[in-house]
Amino acid sequence: MRSLVSLLLLGVALALLHRFTAGAPLAARATLALGALVVLAELAGRLAARWRLPRVSGFVVAGIVFGPAWLGLVRADEAEALRLVSDAAIALFALRAGLAMRASSSPTDGVARYLTTSVVVPFALTAAVVYSVHPWFPLTVHQPSRDALAVALVLGALTVAAAPGLAWATLGDAPAGPLGDTLLRLHVLRDITAVLLFTVVLALVRPLASAGAVHTVAFSGPLVTLGVSVVAGAILAWLASRYSRLLGLDPGIFLVAVAFGAALTGWLGPAEVTLTAMIAGLGLARWDDESAHPLRRHFDARGIALAAVAFALVGTRFDLSGLLVLWPWVPLLVGLRAVGLYWGGRWAGRGPLVTDALADSGWLGLISQAGVGVLLAGAGRRAFPEWGVSFEGLAVAVVAVHAVVGPICMRWALTRRPALMQGVTGGS
């Protein structure tokens, strides 16, 4: 109760301060907004913890509620001015997720099987249902059936996007164990798979759709983003590995340097920040685990303190106008993805290398979506000239819902049965 009252009182005080500082320089307003948002996010995180919810969900909700999408205590221009800070903060968590992919934790046949079914089933189910209701679906209500098929397939591909950084932050509030480690690896693999699948789907729907419905080279955007992100991440991993040994600097310095390197890459070019940082972490873990080990240990000891900054700023960047306009369809898409993940896990569980723990509860740990989902939403907007804005609004609203409820579901997966903490896959 005390946290709730403090949150309300602080919100009122900041609303008054927000009103009286409207004419101040942007840099000053952005600095004030950042400090206020961090305090509000910490209080929201404590409130979530009292309700036995992951603190990271409270951080994201604080960013949404107090950001431009709702109360506007952080203005849109202030959020944009804080973009580099936001990208660097979330890059740290994506980097740590990539560092979890050690050479000794290569995907086993059980993980590969689970990854395949958890991609195919939600994709097929979402595409089939959206196409079946296309005469009423707002994006396709006046479109021919072949254009409706294109929209359905692209929305199906969006279900693959995950949130490695958000997943790692969630594990800080729950007993992870083997199941948590496997879910984190699946998040990393799903984000890379999501960009590849989205690219393939856009390339396939171009000849299927009517003339002008899909941009001619729509598939090139996600593919270029993935390519640049992989190259930039590999370069950052090489530089970090080389100079950490040469200079012997503190691991914290290298974590910050790699995170800001990923943020600058996303700022200056077509790379996606979380993908770049994740690839950098994955490269370090694979090529130079001796250097990666102190980075993992350093971040695990101190990194969770940055979660409020990182994920509150993520929340400010969600545009929820699509949720208000298309709200009846957002729960449908969220529900279809959840059902698809559930049955995909059940199907994977028929194999001998996928244990009951992953088959029964793995789907709950894969609900979260974040950066790559927003990236694909933007790619969909550019791909569909006629209804792309509505597509992006709907997709971002779906991703925002998953960003809030995903950590809650993941924590439930990790804590609901002690038996789930036993072995996850035959090769883990």
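Figure 1. Buried residues make up 56% of the 428 residues in the chain. Buried means under 20% relative accessible area, exposed means over 50%, and partly exposed lies in between (1.4 Å probe, protein chains only). This is a predicted model: local features need pLDDT of at least 70, side-chain atom pairs count only at pLDDT 80 or more, and totals for chains, interfaces and linings use all residues. Residues are numbered from 1 along each chain as its sequence is written, and side-chain values use heavy atoms, with hydrogens and water left out. The chain has 19 helices and zero strands. Both are DSSP runs numbered from the N terminus (helices: H or I, at least four residues; strands: E, at least two). Of the contacts with a separation of 6 or more, 84% join residues 24 or more positions apart. Contact means heavy atoms within 4.5 Å. The accessible surface comes to about 17600 Å², and carbon and sulfur atoms hold 67% of that surface. Accessible areas come from the Shrake-Rupley method with a 1.4 Å probe; for residues, only the protein chains shown count as cover.

**Figure 2. The largest pocket.** The space in this pocket is about 1100 Å³. Its lining counts 45 residues. Arg317, Gly371, Val374, Leu375 and Val396 lie nearest the centre. H18 (371-383) is among the helices that each supply at least two lining residues. H18 gives the most, with seven residues. Others with at least two include H4 (76-81), H5 (83-99), H8 (164-171) and H14 (307-316). The search runs on a 1 Å grid over the protein atoms alone. A pocket is an open set of points with protein on both sides within 12 Å along at least five of seven lines. A cavity is a set of points where a 1.4 Å probe fits but cannot get out. Lining residues have an atom within 4 Å of a point. Grid points are joined across faces, edges and corners, and a volume is the space filled by probe spheres set on the points.

**Figure 3. The second largest cavity.** By this rule there are three cavities of 30 Å³ or more. Helices H7 (145-158), H16 (329-348) and H19 (388-415) each supply at least two of the lining residues.

Figure 4. Glutamate 272 sits in the loop between H11 (251-268) and H12 (273-287). The residue is buried, yet has no salt bridge. A salt bridge is a side-chain nitrogen of Lys or Arg within 4 Å of a carboxyl oxygen of Asp or Glu. The nearest side chain of opposite charge, arginine 317, is 7.0 Å away. Lys and Arg count as positive, Asp and Glu as negative; His and the chain ends are not counted. Neighbours within four places in sequence aside, glutamate 272 contacts Thr225, Ser229, Gly371, Val372 and Leu375.

**Figure 5. Arginine 317 paired with aspartate 87.** The two side chains meet in a salt bridge, 2.7 Å from N to O. This pair links distant parts of the chain, 230 residues apart: arginine 317 is in the loop between H14 and H15, and aspartate 87 is in H5. Arginine 317 counts as partly exposed because its relative accessibility is 42%. Aspartate 87 is buried, with a relative accessible area of 3%. Aspartate 319 is also found in the loop between H14 and H15. Aspartate 319 is partly exposed, at 45% relative accessibility.

Figure 6. Arginine 75 pairs with glutamate 78, their closest N and O atoms 2.6 Å apart. Arginine 75 is buried at 17% relative accessibility, and glutamate 78 is buried at 1%. Aspartate 360 forms a salt bridge with arginine 346, with closest N and O atoms 3.0 Å apart. Aspartate 360 lies in H17 (356-365) and arginine 346 in H16, so the pair ties together parts 14 residues apart in sequence. Aspartate 360 is buried, at 15%, whereas arginine 346 is partly exposed, at 35%. Salt bridges that share partners join Arg29, Arg75, Asp77 and Glu78 into one network.
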